[in-house]
Structures are given as C-alpha cells and as structure tokens.
Amino acid sequence: MGSSKPKEMIKKQVMFSKGPWAPEEDRKLAEVIASHGAKRWKIIAAEAGLNRCGKSCRLRWLNYLRPNIKRGNISDQEEDLILRLHRLLGNRWSLIAGRLPGRTDNEIKNYWNSHLSKKMNQKEKQNGGIKREGSKDIDEKKRAEKVRKVEERSEEDSSNSSSSSFNVDDFFDFSNEDPLNLEWVNQFLQIDTAIAMS
C-alpha cells in the first residue's frame with residue numbers, strides 16, 4: 001500500500017538555464033520588456049521564450065540591460081556620497097543607490113565590499129587604529145555605563161549606612177526600657193521605611 005499523490009498535486013519540475021546570458025537572450029528580453037513593460041517577470045520570461053526564471057530576467061534587466069544604467073568608474077564625488085550614506089544608512093544598498101542616479105544597488109554593494117571597506121580599514125590603521133563605533137562598541141559602552149551606575153549606587157548606599165551610625169546591639173537592648181515606652185517601635189518603623197524607599 002504505497003501512498004500516491006493525485007496528479008493535480010504533483011508539480012512539474014522545470015529546469016531553467018543557468019550561467020552567463022547570451023546576447024540573443026538579452027535581445028529577446030529587451031524586446032519583450034519594450035512591448036510589455038518591466039513588470040510580471042514570470043510572464044515576461046515565458047513570452048520571451050527564454051529558459052530562464054522570472055527572477056533571473058528581473059536581475060538581468062535591472063543590473064545590466066536598462067538603458068539608464070551608468071557604467072564605468074565611480075567618481076570621487078560618488079565615492080564620498082557612498083561613504084556618507086553608508087555611515088548614515090548602513091548596508092541598505094537600494095536606498096544608497098537611489099541617491100546615485102544610474103547606479104544599481106548591486107554595483108554599489110560590490111564596490112563597497114571590494115574597494116571602500118578596504119580603504120576604510122587602511123585609513124583606520126594609519127590613523128592609529130581608531131575604531132569605528134559599531135554596534136559591538138556601543139553595546140560595550142552601554143554595559144560599562146550600567147556597571148558604573150550600579151557601583152555608584154552601592155557606594156551611595158554604603159556611605160548612607162555608615163553615616164547613620166546605626167548600632168544593632170543598641171537598638172535591640174531593652175534592658176533600660178519601660179515596658180510601656182514604644183519609642184523603639186517608632187525607630188524601627190523609620191528605618192524600615194528608609195530601607196524600602198532606597
């Protein structure tokens with residue numbers, strides 16, 4: 001008694017082409033996008049007659065075939081802008097690329113990882129090993145601040161307790177007390193209230 005799935009539930013496995021794009025594939029993709037627009041990538045891949053998935057077609061169009069893509073070396077102004085935006089936004093490459101017309105997020109990310117991060121590390125080493133404030137450095141500073149505050153509180157508590165000159169033996173010595181005198185109860189309640197407030 002083997003379990004068999006109904007034919008409707010079995011998905012066909014389609015094998016897509018992988019690897020470099022041929023110039024003919026690029027031409028077909030550009031023609032279909034020119035007539036249908038750059039949306040619904042799965043349908044575009046099918047209409048172009050390409051044996052590529054929709055994601056592959058989308059990435060090929062966005063990163064290589066769009067007419068407004070700027071290719072070539074990144075200028076010093078663009079590099080400076082990337083550095084400032086990365087300091088502000090972090091690794092949000094699509095937001096950074098949105099500020100650089102014609103540049104793709106993939107290109108900016110690759111440029112950062114291959115060139116700029118290495119330049120930053122070299123500058124830090126030349127400047128005496130000054131570390132950038134990353135999340136680990138900030139966490140360590142926060143922990144150190146918390147430890148400092150706890151130590152200050154414990155010092156304050158110890159100085160307050162030593163200045164009050166409270167002697168337990170004197171407090172609980174009832175030999176000289178009149179049985180009806182309840183002054184010791186008032187002292188006890190005052191100390192208990194002070195402890196509860198701190």
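Which glycine follows helix 6, and is its phi positive or negative? Helix 6 is followed by glycine 128, whose phi is positive, near 90°.

## The model and its chain

This is a predicted model, in which local features need pLDDT of at least 70 and side-chain atom pairs count only at pLDDT 80 or more, while totals for chains, interfaces and linings use all residues. Residues are numbered from 1 along each chain as its sequence is written, and side-chain values use heavy atoms, with hydrogens and water left out.

The protein chain has nine helices and zero strands, where helices (H or I, at least four residues) and strands (E, at least two) are DSSP runs numbered from the N terminus. Of the 198 residues of the protein chain, 21% count as buried, a term that stands for under 20% relative accessible area, with exposed meaning over 50% and partly exposed in between (1.4 Å probe, protein chains only).

## Helix 6

Helix 6, residues 105–126, has 22 residues and reaches 30 Å from its first C-alpha to its last, close to the 32 Å expected at 1.5 Å a residue; the expected span is 1.5 Å times one less than the number of residues. Helix 6 bends by about 45° at tryptophan 112, the bend being the angle between axes fitted to the seven residues ending there and the seven starting there.

Trp112 is also one of the buried residues of helix 6, which include Tyr111 and Leu116.

## Arginine 40

Arginine 40 lies in the loop between helix 1 (23–36) and helix 2 (41–47), and its phi is near 55°, a positive value in a residue other than glycine. Most residues other than glycine have a negative phi. Arginine 40 is exposed, with a relative accessible area of 62%.
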